[in-house]
Amino acid sequence: MVIDIANEMLMPGPQGSRIAVVDYDGANKRYYEPVNLDEPSLLMQGGLDPTEGDPRFHQQMVYAVAMKVIENFELALGRRITFRRNRPLRLMPHAFRGANAFYNPKLLAILFGYFRADRSDPGPNLPGQTVFTCLSQDIISHEMTHALVDRLRRLFIEPSNRDVAAFHEGFADIVAIFQHFSFQSILREKIQETRTELRSPTPLIHLAQQFGYTTGRGKALRTAVDKPDPKLYETLDEAHDRGSILVAAVFDAFFNTYQKRTKDLTRIATGGTGDLPKGELHPDLVNRIAGEASRTAQSILSMCIRAFDYLPPVDVTFGDYLRALVTADFELNPVDDIGMRAAIIEAFRCRGVYPENVISLAEESLLWEPAEALEYFPVAHLANLMLEGAQQYSRSTGRQVLTTTTTDEERDRDITGEQFTLSDMAREQAQTELGDDVATNLGHWASRNASGIGLNPDLPIAVLGFHPVFRVSPKGQLLVEMVAARRHLQRPVRRLTLAQRNHRSRLQADAVNCDQ
């Protein structure tokens, strides 16, 4: 398996502009020698060969998968992503001994554990062998997604309703599973094995398969396939279980779209009958179907990520996400020839997920309504922001080395976990991304136009972000937009269940969910 990512100049670690691998073994209290991927001999051979016993390969693995996730987010969002105060996210491949991995926002780090496989039921593994969560692409992708969601929507850690924590977990699983379809050799093998039936139980639709077996579960940790049952959305509370509804709905939409896109290939290959002959499929047919499956998966993944720009900054629900998915895809691709949006809507409907404040599930009803009669915003304030955004996005990923002005006091606040107030958070984020002048002017403009943009004019308004985005539609059209996120500085008061309070105290992440 080869992971293609954009090149950037790296320090040993690897340490780049946005990802820094710090290999400290917390259990053995030692640092491992950092890999230098810019060493000429490693460059010549394309990096280290897979070796479970070499910590340097572990470092290479977490860096490559993490950067691939960032690339997918940037491709979908149309802008460059950096972490808090332009500091790199730290990845710690051997942080502790234990069957878990998690993202820690206070440390701005992802910590991976390692453990011994179950001795009585290890599955296709040696009893008692050491298993490293940092070698699981699914776990790395899942945790990276938690970090990126926290960067895009910092208040999604507040479980103000049952869907918030479940969305965090479900969305992280979506990213991890759909990245499977970028590996063409594995995809072709599974298409041949399942005879194009991608719903069949294979590693393509399973999450963290080795982890599930080595911890004695006897199966993969989670799967993307379910039997639609509207009652589950009404009854499930645990974040991972509830999040699996979201995963299954998105995968269902993917599979239906994939079938539509490959039906003509099957008809051509079978002389119009649609019934595949016994025996192995022709390699050319497998290659064509794999290409369509990969493109469909990338389209669905990009739609899922792009929807973030249409989500509220707090208190998200699955219904909000459905509307964001439909709106995000419509804005870029108004004519849905293949019926991808219709498949998404139907998949959510089958699982009892309905948005609030809509008159029907028709596409035009689900689109977010544009604001009207707003005061003209002086675009002169945005000229530099647009230019800088365009320059950053056009550069090769990671080429720009970003500096930070973080003070010792700010670092201490991160490590000790002192809580930001909402106004502190909004001021820091807006000033970091926009500069004082633009942030101030946008805040005043939002206050004057509060009613027009659906906010309460009697409450203070925080500007949480304002981004230039650059996207290309499937037909080659360039879409340039400015995306703003605002919210009131008043927390919604909701009664939290015990499960939600526990999830909040753990954050998280708990990607491997080994405490259940």
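**Reading the aromatic pairs in a predicted model**

Me: What does the secondary structure of the protein chain come to?
Reply: This is a predicted model, and its protein chain has 17 helices and 11 strands.

Me: How many of the residues are buried, as a percentage?
Reply: Of the 516 residues in the protein chain, 54% are buried. As for contacts with a separation of 6 or more, 70% are between residues 24 or more positions apart.

Me: How many aromatic pairs does the count come to?
Reply: You look for ring centres within 6.5 Å of each other, and here that gives 19 aromatic pairs. Take Phe 171 and Phe 308: their ring centres are 4.9 Å apart. Planes over 60 degrees apart count as edge-to-face, and these sit at 65°, so that's what this pair is.

Me: Which parts does that pair tie together?
Reply: Phe 171 belongs to helix H4 (residues 162–178), while Phe 308 is in the loop between helix H9 (283–306) and helix H10 (318–332), so the pair ties together parts 137 residues apart in sequence. Both Phe 171 and Phe 308 are buried. They also belong to a cluster linked by ring pairs, along with Phe 73, Phe 156, Phe 167 and Tyr 321.

Me: What are the ring distance and plane angle for Phe 178 and Phe 181?
Reply: Their centres are 6.1 Å apart and their planes at 35°, so call that pair tilted. Both of these residues, Phe 178 and Phe 181, are buried.

Me: Where does the charged end of Arg 323 sit?
Reply: Over the ring of Trp 368, 4.1 Å from its centre. Arg 242 lies over the face of Tyr 233, 4.3 Å from the ring centre.

How values were computed:
Residues are numbered from 1 along each chain as its sequence is written. This is a predicted model: local features need pLDDT of at least 70, side-chain atom pairs count only at pLDDT 80 or more; totals for chains, interfaces and linings use all residues. Side-chain values use heavy atoms; hydrogens and water are left out. Helices (H or I, at least four residues) and strands (E, at least two) are DSSP runs, numbered from the N terminus. Buried means under 20% relative accessible area, exposed over 50%, partly exposed in between (1.4 Å probe, protein chains only). Contact means heavy atoms within 4.5 Å. Rings of Phe, Tyr and Trp (its six-membered ring) pair if their centres lie within 6.5 Å; planes under 30 degrees apart count as stacked, over 60 as edge-to-face and the rest as tilted. A charge sits over a ring if NZ of Lys or CZ of Arg is within 6 Å of the ring centre and within 35 degrees of the ring normal.
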